[in-house]
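Open the model in your viewer and keep the selection panel at hand.

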Amino acid sequence: MFIDPKNITMDVLNLTTLMPMLIAIGGGLVILTIDLIKENIHKSLYVMLTILILVIDLGATLGLNFGPNEKGFFDVMLIDGLAILSQVLILVASVLFIPLALTSKRFHEYSYPEFFALFLFMIAGFQFMVSSDNLILIFIGLETASLSLYTLIAMHNRHNSFEAAVKYFTMGALAAGFFTMGSAILYGISGSLELYQIAPAIQSRMGEPGMMMFLLGGAGLLLTAFAFKLSLFPFHTWAPDVYEGASAPLAGYMSVVPKVAAFVVSMRIFEMFIELQIEWVQTMIIILAVLTMTLANLMALVQEDVKRMLAYSSISHAGFVMVAIALATEKANTGIFLYYGLFMFTNLGAFAMLWVSRHKHRVHHARYDHPYEKFSGMVKIMPMGAVVMGLFMLSLAGVPPFSVFWGKVYLMSATIDAGYIWLAIIMGLNSAIAAYYYLKLIVYMFLREPTEQVTKETTYYNVSKPLLTILGLAVFVTVGSIFYVDPLIEYITEMMRATNFGI
Amino acid sequence: MDHILSILIFFPAVAGILGFVVDKGSAKAYGVSVAAVELILALGLWASFDITNPGMQFTELIPIISQFGISYNVGVDGISLFIVIMAALITLLGIILLRDDTKNMKNMIVSLLFLEMTMVGVFLALDAIIFYLFWELSLVPMLYIIGAWGGPTRVYAAVKFFLYTFAGSLVMLVGLLAMAYLFHLQSGVWSFNLLDWYTLKLTTDQQFWLFLAFFAGFAIKVPMFPFHTWLPHAHGQAPTIGSVILAAVLLKMGTYGFVRFSLPILPDASVTFTPFIMALSLIMVVYTAMVAFAQKDMKQVIAYSSVSHMGIIMIGVFAMNAEGLGGSIFLMLSHGIVSGALFMLVGVIYERTGTKIMDEFGGLAAVMPVYATVFGVMLMASVGLPLTIGFVGEFLVLLGFYKVSVVGTIIAGSTIIIGSVYMLALFKKSFFGPVRHEKNLGLKDLDRRELTALLPLVAIVVWLGVYPKPVLEPIDNSVKALLVQMENHAQLESTKEAIIVSKKEVK
């Protein structure tokens, strides 16, 4: 038995689709090579090099031809609007994140070239993940990215970052197991790993007895896997500990980029099921989304540490966005990216503010790095810092006209359009609950007196010019959102129309 | 005068940003000048306002998010014109009344200027999202004012104020988005423009639910019984300036919302809900008046009496006739002026004695005659004595309500009696009888700063009490236009019957 020889031309291979990932991987290797040639190079070189590589990567991504059926590399790559859009989002978030490494104080993880190489490998992983509808390639991308990310967390080199990395690794491995089992079941019933072939196969076999059992298994396992990755209730327990263990900017990064990647894959997989009229998938996702946003909000209320509060709040935001996946309309899909595009700047800014106010030693609390007391009377010690953090909090709470408000409005509107008024009201009330814990921080910063330990001398030293630049950009984007939301929606909608959802 | 409304909205905000640079010592002078310019601009708006035109004037429209139908859209009519002027006036007088030794004066001035932007914005917005934007944004400076300059439990009061209103308005937001969607279904385009929404025909079922969603936002703001519990806390803890602006302007946002949104967009549901709203309002009027009588704290008496009067405004709004609605708009103005002045007066005595408990005072009339006189005038206006500003609105509202329900009018009218009982009791306890504390003998009467803030209000109380026509006429025109619009828009015959407006009167 021989496999039939196939004629494959370079045109069919369409290797340019791989360019963005190859740039990131190649860039990572270059950084490692530089370290081999000359040791002890200052980290600023690596930071700038990484930014350059990311910019080239971004250029290559934007230069790709895209369309609903733009395939490449043995048809496993799918360069549709969704792939381009999510890669742009991931790369922009990464460019914003990396300069935070240039702090005025020395945090050793950023002095290793491996950090930057792993970071670039991780981005390549995410890029593979979002630009394919082949379950194996998605899996490879997911694992490449996750393994790099575990290491990045551990490089913070504190006791609780090891704990965080191991915890994340264990949970990630479990999720990977669920993902492979789910994919195996889909392969079993459809004989294919490509989503665009799975969909018609399932559709033609819908009526067969026992089919629902297989679908229940397949969709259920995949949903569990992504619930882990997106930290949806009840699979969210790892997230606050991991965020707490990771350094503040990395935690902010983790609350956006891996989630965007996971949302893209969830859109591809679950919106396929919903399009196939398998209603219980939709019901399950709505239940998960409602539980996630509500319970995470309630947990965030009782946190004593700002970083943990922000961790729970980003879980809640993920639940909010998860609603859009269940709706599976063009407006909802646009809403996902609008929301995360706006949320990205605000949330990264908020975590960066934690980074700015980081202490070398725990001053206030034996257990927490960023207890609320630390921010007591911040407006007296660091007025601009307090105002900036206050703006981010108001934006996260959804107070107009700050950025996240527009995402919220758009998603709630999409929910109403789809006929789920009750769901929109739950989303609204959750925003009101969330306002409480964001306000709590504002109250500490503006309305309380500084505690005795906090004076100008003991705290808030970790500011550098690149960090200020990033913060300034985040503030600008958060405050000025009213002026660019229109073109943003237009761009995202256009990209969504050029997307292949498998049907 | 092309962009006067935008200038009115954004001038205080721009001045607020620049205010960060102004030297601490000159902050108050800066605030007074900016607020004065704003008031002059508002009066200029009145001067160039065409009082015979009942529709929207000076409208501006700039699309912001065209895909989604959101645009910056502002306009003014007889209903909003005077509320804007009142907001500018109260802000100016409130700033004048600020003591020079207020801590963090600069922050206070900047917050007040931002607050002024949001207040003016709410009343001028003709786009639901822009309205919502200013509506929510007004919470932030108020939170800071109560939380930073308030009494001992100020943080609790400020956060309660914020969250209570925020939760209600998010439900309202769902209603607004649903409106836009229904508009999209019928016309094929997205629009948040109020004037577009006025043309929308909705089924009674849709109107029912939308009314409830709007009600959640507006009723908490008014605040209607039983959603009023945040207000006494907020007033109890807020500094004088906070209470003044809260009572005079922020509460009006709720009643204004009913007038601008609920009535014209949802006429059938408004009529369906009228008995319900009337019942709540009557309970609110009588119950809070009784609660006011039981208070020992002078500020709480005023706070509860202000809630009680808001009930009368609500009754007028839902009387659905020109007298009631016009009267309630006028009452919004007079309530703003009178309750604002009363809170200022309480602030004056609190600054001197450090207490607001009425039993501690006594005999103030002999010690501070001018203060007692001003207080007396405001008190009479508050209970609705003829020839004061309070009488005109209250009379019109009760007249309008009489056409709807005679029994209800008697109950509502009884508040004038209860109102005079608690107000006169307050006056007697504080101003007459022997001076209870030795130290009160040495109290100084009103100084120049306080007189500057209070005398204009006294003048307005008398002027509009004697001759309300210049204000009533534009209000009346716009109110009639609104009622005609409601009647044309209504789908049920019973609704058309409930809206009493004689078309002959409208040109």
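How many helices and strands does chain A have? Select chain A and colour by secondary structure: there are 21 helices and two strands. Keep in mind that this is a predicted model.

Stay on the whole chain. Its radius of gyration is 22 Å, close to the 23 Å from the globule rule for 503 residues, so chain A is as compact as a globular protein of that length. Along the principal axes, the C-alpha atoms of chain A fill a box of roughly 80 × 60 × 40 Å. Of the 503 residues, 59% are buried.

Next, select residues 481-497 of chain A, which form helix 21. Centre on A:Pro487, where helix 21 has a kink of about 25°. Then show the buried side of the helix; A:Ile482, A:Val485, A:Ile489 and A:Ile492 are among the buried residues.

What do the buried residues of helix 21 pack against? Within chain A, the partners are helix 4 (81-97), helix 15 (330-356), helix 18 (403-417) and helix 20 (465-479). Strand 1 of chain B is a partner too.

Follow that strand across. Select the interface: 27 residues of chain B are in contact with 27 residues of chain A. On the chain B side, strand 1 (57-65), helix 5 (128-137), helix 6 (139-149) and helix 7 (154-187) each give two or more residues. Helix 7 of chain B has the largest share, 14 residues. Finish by colouring this side by class: 23 nonpolar, three polar and one charged.

Definitions and conventions:
Residues are numbered from 1 along each chain as its sequence is written. Chains are lettered from A and ligands numbered from 1 in the order in which they are written. This is a predicted model: local features need pLDDT of at least 70, side-chain atom pairs count only at pLDDT 80 or more; totals for chains, interfaces and linings use all residues. Two residues are in contact if their C-beta atoms, placed from the backbone, lie within 7 Å. Helices (H or I, at least four residues) and strands (E, at least two) are DSSP runs, numbered from the N terminus. Ala, Val, Leu, Ile, Met, Phe, Trp, Tyr, Cys and Pro count as nonpolar, Asp, Glu, Lys and Arg as charged, and the others, Gly among them, as polar. The radius of gyration is taken over C-alpha atoms; the globule rule is 2.2 Å times the number of residues to the power 0.38. A residue is buried if 20 or more other C-beta atoms lie within 10 Å of its own, exposed if 12 or fewer, and partly exposed in between; C-beta atoms are placed from the backbone. The expected span of a helix is 1.5 Å times one less than its number of residues. The bend at a residue is the angle between axes fitted to the seven residues ending there and the seven starting there.
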